[in-house]
Amino acid sequence: MTTTYSRRQFGGILGAALSATALSGTAAFAQAGAVRLIWWGNPERDKRTNAVVDLYQTKTGSTVSPETYAWGDYWQKLATQAAGKSLPDVIQMDYRYIFEYARRNQLAALDEFIGSELELADYDANQLASGVVDGKTYGISMGANSMSHVYNKTVLDGLGVTLPDSTSWTTDDWVAIGKDIKDKLPDGMYFSENMGILEPRLQTWVRSAGKDLYTPEGKIGYDLEDLVAYFEFWKMMQDEGLTPPADVQAQDSGKMEESMMATKQGVFNFLHSNQLVAMQNLVEDEIDMVMIPNSGPNAGQYMKPSMFLSMSETAADKAAAAQLMNFFITDPDANDILLIERGVTGDASIRERITPGLTETEQKIINYLDIVGTHVSPLPPPPPANAGEIDRALRPAWESVAFGQVDLEAAAKDFYENSIRSLERA
Amino acid sequence: MFLLPWLIGFFGLTLGPTLASLYLSFTDYDLLTSPRWSGLENYEYAFFHDRRLGNALSVTFTYVLWSVPLKLTVALLLAMVLDRSVRGVAFYRATFYLPSLLGASVAIAVLWRQIFGAQGLVNQMLFLLTGMKGPAWVAHPDYALTTLIVLAIWQFGSPMIIFLAGLRQVPQDLYEAASMDGASGWRQFRKITLPLLAPVIFFNLVFQTIEAFKAFTQAYIVSGGQGGPVDSTLFYSLYLYEEAFANFRMGYASALAWLLLVIIAIFTAIAFATSKYWVYYEDEGR
C-alpha cells in the first residue's frame with residue numbers, strides 16, 4: 001500500500017518540481033548575483049540570522065538566498081550538494097569538518113580577502129588561527145565556546161549547597177556533593193545525567209590525563225585503560241543512583257528537550273556554553289554553568305571555535321560572498337541582532353558594544369568564558385575523517401555496559417579496537 | 001508516444017539511479033571526492049568483516065518474521081468479523097484502516113515514543129492495574145524492537161481491506177452446503193475460507209514481507225535516528241542510511257542496497273516456489 005502512496009506522492013513532488021522549475025526560470029533571473037548562505041540552527045538562530053540577512057539586503061541592495069537545516073540533516077545536505085558541485089557560496093562550518101572540506105578542495109582560501117573585504121584587524125588572533133588549515137585560512141570563527149557542566153541553581157540553592165571553585169575542583173569533589181544530596185532530591189530527580197555516551201566528556205577525561213582523543217596524525221590518542229576507567233566511573237555513578245537508570249537515560253536521543261535537565265530528572269548536565277540560553281528557555285528553574293571537574297592533573301577543557309563562516313570554492317562571486325561574511329562578523333547592527341547566540345565574538349569592539357545589552361543568562365556565558373579562558377589547555381588537533389562514526393559508536397558501546405549486557409572491559413576493548421579499524425577504513 | 005512521460009520517469013528516475021548505484025557499489029565514494037573504483041572490496045567487507053551488518057540483518061529478520069505473520073493474522077481475523085456484521089461496516093472498516101494511513105507517518109512514531117516512554121501511557125496503565133513500575137520500553141534494548149513490531153501489527157489496515165475483498169468473493173452457497181453437512185465453524189474456515197482465500201493471503205504475504213524488509217521511518221524516529229538502544233533497532237535500511245549519509249560511504253551503502261534487493265528477491269522467490277503447494281487458483285485444472 002505504501003508503494004502506491006509513495007508513487008502518488010512522488011507524482012505530486014514531480015509535478016510541483018516541474019512547476020517550480022517553470023516559475024523559478026524567472027525567479028533565477030531576478031536572483032542573478034544572489035549570494036547563497038547555508039547554516040545549521042535552531043528556531044532562535046534562524047530568526048536572528050534571517051533578520052541579519054534582511055538587514056544586509058536593505059543596507060547593500062544585494063540579494064541573499066538563505067537555507068537552514070538542523071545539525072543532523074545539515075551534513076548530509078552539504079555532502080550531497082558538494083557531490084553535485086552546487087555548494088552554497090557562504091557556508092557555516094564546524095571544526096570537525098573544516099579540514100575535510102578544505103583538503104578536498106571544496107572551500108576557498110580566504111587570505112586574499114583579509115584586509116580588504118574581510119576587516120579583521122580587531123579580531124582575536126587565537127580565534128582566527130583556529131580556522132587555518134595547512135597554512136591558509138578557510139574559516140572565520142563566529143565565536144568562542146567551551147564545554148561546561150550546567151546545573152539547576154534553584155534546586156541546589158534550596159538544599160543550601162554552594163559549589164566550590166570550579167576551576168580547581170575534581171571529580172571526587174563532584175561525586176562527594178552528589179552523595180551528600182542524593183537522598184534530599186525530589187522524587188525522580190538524579191544528581192546528574194549519565195555522560196557515558198558523550199564523546200566531548202570523554203575527551204575532557206583523557207585530556208585531564210595528559211592525552212587526547214586523537215593524535216595530530218589522526219590516530220587514537222588515549223589508551224584502553226583510560227576508556228575502561230571512564231566507563232567504570234559512569235557505571236559507578238549509575239549504580240550509586242547518582243545518575244538515572246539506563247533505560248531512563250536512553251530516552252535522551254541527543255535533543256536538548258529530551259535531556260535529563262530539561263525533563264527535570266537531573267541537577268547536572270553536560271552543555272556547550274553557547275547553548276545556555278536555549279537550555280534556560282526549556283527550564284523553569286534558574287540554571288548556571290561551572291567548569292567540568294578534572295579527573296587528573298591536567299586541564300581537560302579547551303576553548304573552541306563554536307562555528308566558522310567559510311566560502312565555497314565554487315562561489316560565483318567570491319568578493320560578494322566575502323562581503324556577506326564580513327557583515328556577519330564585523331557589522332555592529334548585525335551583531336546587535338546576533339549577540340552571542342553563536343558563541344562570544346572575537347571582535348573586541350563588537351564585544352564591548354553588545355555586552356551591556358545582554359540578558360542575565362547571556363552575561364553568565366561571558367563570565368563563564370572569562371573564567372575558562374585562563375584554565376584551559378590548547379585546542380586539540382582536528383578529528384580525523386572517520387571520527388564522526390566513532391563518536392556515534394560510543395553510544396551503543398556505553399549503553400551495552402549501562403544495561404549490563406556485556407562485561408565492561410570487553411565493551412571498552414571492543415569499542416577501542418573498532419575505533420582503530422574505523423580510522424584505518426577512512 | 002503516450003507512454004513518453006512514463007518512460008522518461010522510468011529511465012530518468014528509476015533505471016538511471018538504479019544503474020548508477022550498481023556502479024557506485026563497486027567504488028569508494030565519499031560524496032566530496034569523485035568515486036574511485038575498488039572492485040569487490042565493498043562486498044567483501046559486507047560478507048566477511050562487517051559485524052554491525054550481521055546485527056542489522058538479525059534485527060530485520062526478527063522484525064519480518066514476527067510482524068508479518070502477526071499482522072496478517074490480525075488482519076484476517078478482523079476482516080472475517082467485518083465480513084459478517086453488515087450494520088455500520090463502512091464505519092468500522094474506515095476506523096480499522098485509519099492506523100495504516102497514520103502509521104507510516106512521523107507523527108505516529110513520535111507518539112509511539114511517548115506512549116512507550118518511562119512516564120508513558122502504557123506504564124501509567126500498568127501502574128494503575130498492577131502497581132508495578134514499567135521500564136522505558138522504547139529505550140530498553142530488550143523491548144525496543146517489540147514496540148516497533150507492535151506498531152507494525154497495529155497497521156493491519158491495508159491487508160485487512162484486501163482480505164475483506166477476498167472474503168466477499170467466496171461463494172456463500174459453499175458455507176450453506178457445509179453447514180447442512182454439519183461442518184463446524186472451524187472446519188468451514190479451514191476447508192473453505194483458507195483455501196479459497198489462499199491467493200489473497202499469498203499476495204498479502206509477499207507484499208507485507210517486502211514492506212517489512214524496507215521498514216525505516218518508525219525505527220528512525222523512535223530510536224532518534226540511531227537504531228538504539230545498543231543497536232537493538234538498527235534495521236537494515238537504517239544501517240544503510242547511516243553508512244550513506246552519516247558516515248559518507250556512499251559506495252558501501254550502494255553495495256548494501258543491492259544486497260537487500262537480493263535478499264528480498266530470494267524471499268519472494270521462496271514464497272513463489274512454495275506457493276504451488278498451498279495456493280489454489282479457481283481456474284486451475286480446467
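The area buried between chain A and chain B is about 3,200 Å², and carbon and sulfur atoms give 52% of that. Buried area here is the accessible area, with a 1.4 Å probe, that two parts lose on being put together, summed over both. This is a predicted model, in which local features need pLDDT of at least 70 and side-chain atom pairs count only at pLDDT 80 or more, while totals for chains, interfaces and linings use all residues. Residues are numbered from 1 along each chain as its sequence is written, chains are lettered from A and ligands numbered from 1 in the order in which they are written, and side-chain values use heavy atoms, with hydrogens and water left out.

On contacts, meaning heavy atoms within 4.5 Å, 36 residues of chain A meet 38 residues of chain B. Between the two chains there are 5 salt bridges (a side-chain nitrogen of Lys or Arg within 4 Å of a carboxyl oxygen of Asp or Glu). One salt bridge joins the side chains of Arg104(A) and Asp30(B), at 2.8 Å, N to O.

Now to the inside of chain A. The domain assignment, which is automatic or from a database, gives domain 1 (35–143 + 305–365) and domain 2 (147–301 + 385–425). Their C-alpha centres lie 30 Å apart. The area buried between domain 1 and domain 2 of chain A is about 960 Å², with 53% from carbon and sulfur atoms. On the domain 1 side, Arg96(A), Lys364(A) and Ile365(A) lose the most area to domain 2, together 54% of what that side buries. The count between these domains is 3 salt bridges. Lys364(A) also forms a salt bridge with Glu286(A), side chain to side chain, at 3.0 Å, N to O.
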